[in-house]
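Please keep the viewer open as you read.

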Amino acid sequence: MIKKFIAAVLMTISSAAALAVPFGSQSVLVVEDDTGKVLFEKNASTVAPIASLTKLMTAMVVLDAHQDMNEPIEIEKSDVDMLKHSSSRVPVGATIPRRDVLQLALMSSDNRAAAALGRTYPGGTDAFRAAVKRKILALGMTQTVIEEPTGLSPHNQSTAADLVKMATAASNYAEITRITTSSDHLINIKGREVEYHNTNRLVGAKGWDIGLSKTGYTQEAGRCLIMRVKAAGKNATMVLLNAGASSVRMLDALNIRRHVLNDEIPVAASVARAPRARAASGGPRIKTALRGSRIKAALSGPRIKASAGGVRAKSASGRARSKHVVVTRHRRHR
């Protein structure tokens, strides 16, 4: 009886500590994968735009169609974003195997690549939309609407609770988990090897065991993140929606690991000096070192130094870079 009472008290203290953390994202949900237990919840049933988190659904529907992944796809003018005018490193006229188009859409969140996947779906864009609706229904995502494959439309909306269901389903696709946990990848674009990077800076960071990742950003959606992590002996899925800045989204992920999963974040032995971004909150600062650059955010409590550490890990492709490699980072609409 006493043991049960102590356990209940400790659980209450742990929950109170988690609730005291000032998460900046408007909606937050953290679920333990093995048990389905909700570890933390904030506005999890609030419907909101989901931006490029949409691309996880796009990838599942494309893979369900069992299309030839080696088939070349030409990027057309119709794939260019005329809604948000987002940038892309994939030029119109480039011909790329479907496998690499999927890589660009998921890892680098390229909108032209995602649009091309929907356009080349068997039966075209109308058939793609119908397949998405069937998938949403099959997954029990009752508060979700997805109208197009990129996430640029603010009408692509869901809840954190529904997105946990989507993340769980996506994690069952080996190709999706492989791509979204790759830190970088070389793709041949019109005869040149171009290096693309993951939009989630925690992928490949020291001390992080990530099983699935997808970022998202539009003005309406704010900064969003889906990530499945292993920490403190737990496998957990986190969904963050509508953070005001990339630094806020990043710090929310760090705080989930520290306060919700009760896991210490490894501290880097050395951190290179780099420009710092600040999140707008009051109180003492917590410093977090991410791949050589520091992010400062004001959070309650004593000053703590934490790191997701280190130099970006390279992908396992093993391909050597040639002198024609073009290094590029996808910076918009993450």
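What follows is a tour of a predicted model, from the overall make-up to local details.

First, some ground rules. Because the model is predicted, local features need pLDDT of at least 70 and side-chain atom pairs count only at pLDDT 80 or more, while totals for chains, interfaces and linings use all residues. Residues are numbered from 1 along each chain as its sequence is written, and side-chain values use heavy atoms, with hydrogens and water left out.

The chain holds eight helices and 16 strands; these are DSSP runs numbered from the N terminus, with helices being H or I of at least four residues and strands E of at least two. Of its 334 residues, 53% are buried. Here buried means under 20% relative accessible area, exposed means over 50%, and partly exposed lies in between, using a 1.4 Å probe and protein chains only.

Where do the nonpolar residues gather? A nonpolar core is a set of buried Ala, Val, Leu, Ile, Met, Phe, Trp, Tyr and Cys residues joined through side-chain atoms within 4.5 Å. The largest one has 56 residues, and the members that touch the most others are M57, I96, I176 and I226. A second, separate core has 26 residues, including M227, V229, M238 and L240. Back at M57, the contacts beyond four places in sequence are V132, K135, I136, L139, M141, I146 and M166.

The crossing of α2 and α3 is left-handed, which is the term used if the near helix is turned anticlockwise from the far one by less than a right angle, clockwise being right-handed. On the α2 side the contact involves K55, L56, A59, V62 and L63, and on the α3 side R98, L102, A105 and L106. By class these residues are seven nonpolar, no polar and two charged. For this count Ala, Val, Leu, Ile, Met, Phe, Trp, Tyr, Cys and Pro are nonpolar, Asp, Glu, Lys and Arg are charged, and the others, Gly among them, are polar.

Helix α2 also meets α4, with axes that come within 10 Å and cross at roughly 35°. This crossing too is left-handed. K55, T58 and V62 of α2 meet N111, A114 and L117 of α4, a set with three nonpolar, two polar and one charged residues. The spacing has a simple background: an α-helix has 3.6 residues a turn, so residues three or four places apart point the same way. T58 counts as buried because its relative accessibility is 2%, and beyond four places in sequence it touches A114, L117, F128 and P149.

Is α4 itself enclosed or open? Eight of the nine residues of α4, 111–119, are buried, so the helix is largely enclosed by the rest of the structure. Those buried residues pack against α2, β4 (72–74), α3 and α5 (124–138). Helix α6, residues 160–170, is mostly covered, with eight of eleven residues buried.

Turning to the strands, S213 sits in β9, residues 209–218, and counts as buried at 2% relative accessibility. Beyond four places in sequence, S213 touches T180, N198, N200, V203, I226 and M227.

Finally, the backbone. Most residues other than glycine have a negative phi. A51, however, has a positive phi near 50°, and so does K190. A51 lies in the loop between β3 (48–49) and α2 and is buried at 1% relative accessibility. K190 lies in the loop between β7 (184–189) and β8 (192–197) and is exposed at 55%.

Note on methods
Contact means heavy atoms within 4.5 Å. Axes are lines fitted to C-alpha atoms, for helices over the stretch in contact, and angles run from 0 to 180 degrees between N-to-C directions.
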